[in-house]
Amino acid sequence: MSGPTLEQIAKGDGLALCAAGSWTARFAPALEKLVGEAEKLTGSRPNIFIDVSQVSKLDTFGAWLIERLRRALTNGGHEAQIAGLSANYATLVDEVRRVKPAVAPPAGGSHLIAVLDGIGRNVHGIGETLVALVDMIGAVIAAWFRVWRHPSKFRLTSVVHHLQQVCWNAVPIVVLITFLIGCIVAQQGIFHFRRFGADVFVVDMLGVLVLRELGVLLVAIMVAGRSGSAYTAELGSMKMREEIDALRTMGFDAIEVLILPRMVALVLALPILAFLGAMAALYGGGLVAWTYGGVDPSSFLSRLREAISINHFIVGMVKAPVMAMVIGIVACVEGLAVQGSAESLGQHTTSSVVKGIFFVIVMDGVFAIFFASIGI
Amino acid sequence: MTSTTATPIVETPTAAASTSANAIISVRDLTVAFGSRRVLDGLHLDVTRGEILGFVGASGAGKSVLMRTIIGLVPKVSGTIEVFGTDLDSGDKARREVERRWGILFQHGALFSSLNVRQNIQFPVREYLKVSERLLDEITMAKLTMVGLKPEVADRYPSELSGGMIKRVALARALALDPEIVFLDEPTSGLDPIGAGDFDELVRTLQRTLGLTVFMVTHDLDSLHTACDRIAVLGNGKIIAQGTMADMLASQHPWLREYFHGKRARAVIG
């Protein structure tokens, strides 16, 4: 295959532009340069025409560039002609002749306006998010009451399935991570308390911290990352493939069929996981206290019994179902907000996890204030 | 289904043994299996340069599998596939060269959902050719015009397009680099008869103007009738017949008789 050329041959007061070689996509960069040069001849002669009889191969790229050249030359005054078209290529050139000049993609405004625009949209978005969350809470509660009145509507199989996904399958990783965190907290406590000769108080710290805050908070964050994202991705891809619309048209309520079982599973799962997590953390802490701090198990346990009361445990566990609600609601709202594209699915899954964790921590703060003011 | 009785099937002019010099795609002894199930079993097929080959067969017979095997999405057990005279097993570099010269229209369009129409069409061009933004935009418009879409469509996203428009945009993307072969997987499924007719006409026109070779998997008897030069029929993992529409109509093979002389077929062919 020979590269494309465009030769200028003067003919009287006219000018012939003789194209030759293969005018195809492969040579597009070279072709563009050739045509760009030739376009400068616009208006230089009264009569310019393009001779394509020597072109060995032509495709859309070549045909378009010839057509573009013809249009540019025509602007100079005379209608420029294309000569020497073979029958095959004539149809192709006719085809590209119908092409209207490219419409430029809509230009963005100035940079400053774009930034302000982004901020404005985000602030407005916060309001919308809150409305969507409240809407979802309402819808789930309404669905719950409907199911309460007609227990046959309750989807036990689905709940059990989701319970396996979010609870049973999550046990190993949750227990492992909380165990390690328990170890680390105990080690740090002993290391610093030792300077005051207060090693044994590490048990108090560990007990209160793990049962009240760390156990449930850590587990909630893990569940938001593990199951919240899964909920969003599942619901989002169902939304993308119109499965949710299909359910609706069959007379099913998407909230009842898809969201309620997931919420119930999560609300059951999180307390269980939080309890297991807290036990694993205490176990890990106790192990470190024994091996690293020299607190033997029996004194660890008796110290623990003195340090903590059932209140600490209750304070921790009460938070778990509420956090599960928050994670579930956020995940489902985000899932249903997914639009048609893969990118949108990714964005909403990310935002599900980020918002889920954020609201979990906010709720934890609210609980801390509440319990402090009622004095437990 | 396709019983292997001794009924004389349509004579195949480009018989398996002779590799015609004009074959742009030539498939030899191709076997593809999923687990123990053999979908394609020693299949031979030649596609001649510049023709539109319609490829039919019962649902689940492996039409799409053959197409996907040729374009390299499904691994084969044995056999050779040559495209443009290049064996597709002869290394990645040779393969890339070939891939650049074909375009594929997937059954459901397979447009990139996070890119708009303009970006979808420009994507392969940007990858392979260093050309200006202006030319890219112009070429996009040219392709959109060719497939019969308005320029306004360029800034829409795939989720905002109708089924027919998705097919057209996908065809425009398949044609973006001016390929020599296009593979169409059920291009007219899901289109209304007018849209499907237009699409057939479009494929015909493109084949004439661009000298395309078209490999079309289809169930649409109208398409087979109006657009295809030649028809190949898949059954039991092999090509059971190939030839023109007239050959198909004359065939005595039970499945072919049912396919081409059924109630629906009579309405089309008469």
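This is a predicted model: local features need pLDDT of at least 70, side-chain atom pairs count only at pLDDT 80 or more; totals for chains, interfaces and linings use all residues.

Reader: Okay. Which elements do the buried residues of H6(B) pack against?

Author: From chain A there is helix H3 (87-97). From chain B there are strand S3 (52-57), helix H4 (133-146), helix H5 (163-174), strand S8 (213-217) and helix H7 (221-226).

Reader: And which residues of H6(B) are buried?

Author: Here's the general idea: an α-helix has 3.6 residues a turn, so residues three or four places apart point the same way. Now the case here: the buried ones are B:Ala196, B:Phe199, B:Asp200, B:Val203, B:Leu206, B:Thr209 and B:Leu210.

Reader: How many residues does H6 of chain B have, and how far does the helix reach?

Author: H6 runs over residues 193-210, which is 18 residues. From first C-alpha to last, the helix reaches 25 Å, close to the 26 Å expected at 1.5 Å a residue.

Reader: I clicked on B:Glu201. Where is that?

Author: B:Glu201 also lies in helix H6 of chain B. In sequence, B:Glu201 and B:Thr226 are 25 residues apart, yet their C-alpha atoms are 8.1 Å apart in space.

Reader: Why does B:Glu201 count as partly exposed?

Author: You count neighbours: 20 or more other C-beta atoms within 10 Å means buried, 12 or fewer means exposed. B:Glu201 counts as partly exposed because it has 13 C-beta neighbours inside 10 Å.

Reader: Now the inside. Which residues touch the most other members of the largest nonpolar core?

Author: B:Val182 and B:Phe215 do, in a core of 114 residues. Beyond its neighbours within four places in sequence, B:Phe215 is in contact with residues including B:Ile25, B:Val47, B:Phe55 and B:Phe183. Apart from that core lies another, of 62 residues, with A:Cys167, A:Val203, A:Leu266 and A:Ala281 among them.

Reader: How many residues of chain A are in contact with chain B?

Author: In general, the size of an interface is often given as the accessible area lost when the parts come together. Here we'll count residues: 25 of chain A are in contact with 25 of chain B. On the chain A side, helix H1 (28-39), helix H2 (60-75), H3 and helix H12 (342-374) each supply at least two residues. That side has 12 nonpolar, 6 polar and 7 charged residues.

Reader: Last one: where is confidence lowest and highest in chain B?

Author: Confidence is lowest in helix H10 (residues 263-269), at a mean of 66, and highest in S8(B), at 89. Over residues 1-19 of chain B the pLDDT is below 50. Chain B as a whole averages 80, with 90% of the residues scoring at least 70. The model itself scores ipTM 0.72 and pTM 0.70.

Key: Residues are numbered from 1 along each chain as its sequence is written. Chains are lettered from A and ligands numbered from 1 in the order in which they are written. A nonpolar core is a set of buried Ala, Val, Leu, Ile, Met, Phe, Trp, Tyr and Cys residues joined through C-beta atoms within 7 Å. Two residues are in contact if their C-beta atoms, placed from the backbone, lie within 7 Å. Helices (H or I, at least four residues) and strands (E, at least two) are DSSP runs, numbered from the N terminus. The expected span of a helix is 1.5 Å times one less than its number of residues. pLDDT is the predictor's confidence in each residue, from 0 to 100. Ala, Val, Leu, Ile, Met, Phe, Trp, Tyr, Cys and Pro count as nonpolar, Asp, Glu, Lys and Arg as charged, and the others, Gly among them, as polar.
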